[in-house]
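Here is a friendly note to read beside the picture. Please keep the viewer open and find each element as we come to it.

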Amino acid sequence: MQYLKTQLAVQSYCLRHFKPQGIKAVAKKLLETGMTYIGIGTPESKDEFKSTIEQFGEFGVTIADNFAPGIDGNETKLRDACEFSKMLGHKAMTVNFILNKNIVQSFELAQKLAEEYDLNLAIHNHGGYHWLGSQTMLDFVFANTSERFGLCLDTAWAQDAKLNPVAAVKRWPKRIFSIHLKDFEYHPDGGHHDVVIGKGFVDLPALIAELKAINFKGYMAIEYEGEPENPIPALIAGKEEVLKLI
């Protein structure tokens, strides 16, 4: 995992406040963290693919992950996301499946395109409210799909679904394709707010140790959704916590 000393990334949603000002504004804010890798969503139009890569590249920023639009059975939309990921040279793509009457066909379509584009599909678990947030549903999906399907383990949302992130790595060692390092602090009323990774409920030292044990080689990003107008201090603090352990 030594590669992460230089390739640790930031999820672009942390920088959403600056997105209306354009890619260059996002890139400049990213550089304030001392990191040069970012995870973004698929551009809305294929016409934007090349310019998106080039604009980030002007600042020495590498797009390290592509979060595909929700998979709902639309082959054109999913194929576009696959093409963007391959243009970037990626081996895995973050995905979310929309629960609808076409869900079986959506998984079959995803399997077909994953093979065609030689991509692994990392399902983003999004908490207890999300249908793919629970261990039970992920067990079901992984039992009925090939190893092309795995997990983009979001540590805070896993905890929210009562799934310990360390236990998740142990449970599905071959399915952990990427990591979003995110942490919550919970309120007495059950609500929560974002905190620097490792300062809430996530046992960061144990998680990094377990990732080392499985020889994790995937994408890893820090995610802090609090303070959207000034997320940089928290992202830097999170980076420092992670780098101490890698």
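Which exposed residues sit on the face of H6 turned away from its buried side? Keep that in mind for point 2.

1. A word on the source: this is a predicted model, in which local features need pLDDT of at least 70, side-chain atom pairs count only at pLDDT 80 or more, and totals for chains, interfaces and linings use all residues. Residues are numbered from 1 along each chain as its sequence is written, and side-chain values use heavy atoms, with hydrogens and water left out.

2. The face of H6 turned away from its buried side carries Thr136, Phe140 and Ala143, which are exposed. Exposed means over 50% relative accessible area, buried under 20%, and partly exposed in between (1.4 Å probe, protein chains only). Helices (H or I, at least four residues) and strands (E, at least two) are DSSP runs, numbered from the N terminus.

3. Now turn to the other residues of this helix: Leu138, Val141 and Phe142 in H6 are buried. Seen down the axis of H6, the buried residues fall within an arc of 95°, so they line one face of the helix; the arc is that of the directions from the helix axis to the C-beta atoms. Their cover includes helix H5 (103–117), E5 and E6, where contact means heavy atoms within 4.5 Å.

4. Strand E6 (residues 149–154) has six of its six residues buried. E6 runs parallel to strand E5 (residues 120–124), with four bridges between them, and Leu121 has Phe149 as its bridge partner. Strands pair if DSSP finds at least two bridges between them. Four bridges also join E6 to strand E7 (residues 176–181), again in parallel; here Leu153 is partnered with Ile179.

5. E5, helix H6 (residues 135–143) and E6 form a right-handed β-α-β unit. Right-handed means that, with the strands pointing away from the viewer, the path from the first strand over the helix to the second runs clockwise.

6. Finally, look for the largest nonpolar core, which has 70 residues; Leu15, Ile38, Phe56, Phe97, Leu211, Met220 and Val242 touch the most other members. The largest share, seven residues, comes from H5. Such a core is a set of buried Ala, Val, Leu, Ile, Met, Phe, Trp, Tyr and Cys residues joined through side-chain atoms within 4.5 Å. Apart from this core lies another of five residues, among them Ala9, Tyr37, Tyr219 and Ala221.
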